[in-house]
Amino acid sequence: MPWIPYGRHAIDTDDIDAVVNVLKSEWLTTGPKVAEFEMAVALYCGAKHAVSFANATAALHISCKALDVGTGDVVWTTPNTFVASANGALYCGATIDFVDIDPDTYNMSVVVLEEKLRKARQNKTLPKVVIPVDFAGQSCDMKAMAQLADEYGFKIIEDASHAIGGSYCGQKIGCSKYADITIFSFHPVKVMTTGEGGMALTNNQHLAKKLSLLRTHGITRDPAEMCYETEGPWYVEQIDLGFNYRLTDMQSALGISQLKKLDTFIEKRQYLAQRYDQLLGELPLKLLTVSPHNECAYHLYPIQILNDNMPFARRKVVEQCHSAGIGVQVHYIPVHLHPYYQKQFGFKRGDFPVSESYYQRALSLPLYVGLTEQQQNYIVQTMIKLIGVPVYG
Ligand SMILES: *Cc1c(COP(=O)(O)O)cnc(C)c1O
């Protein structure tokens, strides 16, 4: 059986045609497709504004900047994420801290967040921005977080890199009802792809303007934003220090084409996830808990191995899966345990015990649109062989 990766893009001939058409057109980078893609994503999610970026990391960086995160500010995120969720704040000179996760959803715990906020208020170390992450494609408890944001005066960037196509309390993730800005990633392993790509969604017009200004060098063409009278049709002004973080028309055309299929992508992912739930139900595993008001986009299918005393520890299971051609992965090494974070901020083992204990037992099984039931059966059979050891005595 050929290698089964943990995640994979789904590209069809419509996607290929869409990109080829752009290659034959007048515009390769910022042309009509960028704006069309942004409008399509905003419409799909029910948000007022969507600003595209070269990747989600760039979108996270600029979102922190747009919320005026700078030196001396404190930003909180979850340890159970890709480092990019935290790095965006560090690019702005901020200090990072973490909030431990809920043991069932693996998302930032609202209980821990509230307790940490109460202490931070006393110590005058409240965060300027909190970045919850919709792990595996399940929304965090955003209503509760928005209430805490009001009470403690911080802003929210919802890192929904895993979660486009999912919904929360009957609304699409990305509607940004409970977040100042929501971020999507279109990396090929994610739910839909543009190759590299990201998006920041917001209902705040001022923030949307800032996001698009900083995405392209801090240069404006809008006379209303300029300091001086225009000197002619060529005239632009750099009014802030921005970056070159643009998405291209080629990528946007792919995004428009992928977005049309997003709902069927999600249906397939949910189908396969439920099938895993059933087939793995008897094994000594802890499966992801999806709370009733959530529709999970299932970027990942995370499991925890519970049988400590069995001959196979997590590492062995991963190695044996790889030998069997199954590309299981581990999401995530807690961010605070990376050497850079330990050196820079003094984090150590034991600081965020729930994330650490989850990490010790976690692995992600392959889940993507093109995964066949036959491949899934093979993965399940392999897991049964590795950890479905009969309990003796
Ligand atoms: C993938 C991912 C990112 C980074 O996305 P890029 O588009 O690759 O920059 C950020 N946060 C999370 C949670 C991710 O999974």
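Reader: On what basis are local features and side-chain values given?

Author: This is a predicted model, in which local features need pLDDT of at least 70, side-chain atom pairs count only at pLDDT 80 or more, and totals for chains, interfaces and linings use all residues. Residues are numbered from 1 along each chain as its sequence is written, and side-chain values use heavy atoms, with hydrogens and water left out.

Reader: Why does Ser52 count as buried?

Author: Buried means under 20% relative accessible area, exposed means over 50%, and partly exposed lies in between (1.4 Å probe, protein chains only). Ser52 has 0% relative accessibility, and therefore counts as buried. Ser52 is found in strand β1 (residues 49-53); helices (H or I, at least four residues) and strands (E, at least two) are DSSP runs, numbered from the N terminus.

Reader: Which residues is Ser52 in contact with, leaving aside its neighbours within four places in sequence?

Author: Contact means heavy atoms within 4.5 Å. With those neighbours set aside, the contacts of Ser52 are Val34, Glu38, Gly198, Met199, Arg215, Tyr245 and Leu247.

Reader: What makes helix α4 mostly covered?

Author: Seven of the eight residues of α4 (residues 84-91) are buried. These are Ala84, Ser85, Ala86, Asn87, Gly88, Ala89 and Leu90. Their cover includes α3 (56-66), β2 (74-77), β3 (95-98), β4 (129-131), β5 (155-159) and α11 (339-345). Just after α4, Gly93 takes a positive phi of about 90°.

Reader: Why is strand β14 described as largely enclosed?

Author: Five of the five residues of β14 (residues 301-305) are buried, so the rest of the structure largely encloses this strand. Tyr301, Ile303 and Ile305 point one way, while Pro302 and Gln304 point the other way.

Reader: What makes β7 and β13 edge strands?

Author: Three strands form an open sheet in the order β7-β6-β13, with antiparallel pairing. The strands β7 (171-172) and β13 (294-295) each pair on one side only. Strand β6 (residues 167-168) and β13 are joined by two bridges, and the partner of Ser167 in β13 is Glu295.

Methods
Pairing = 2+ DSSP bridges.
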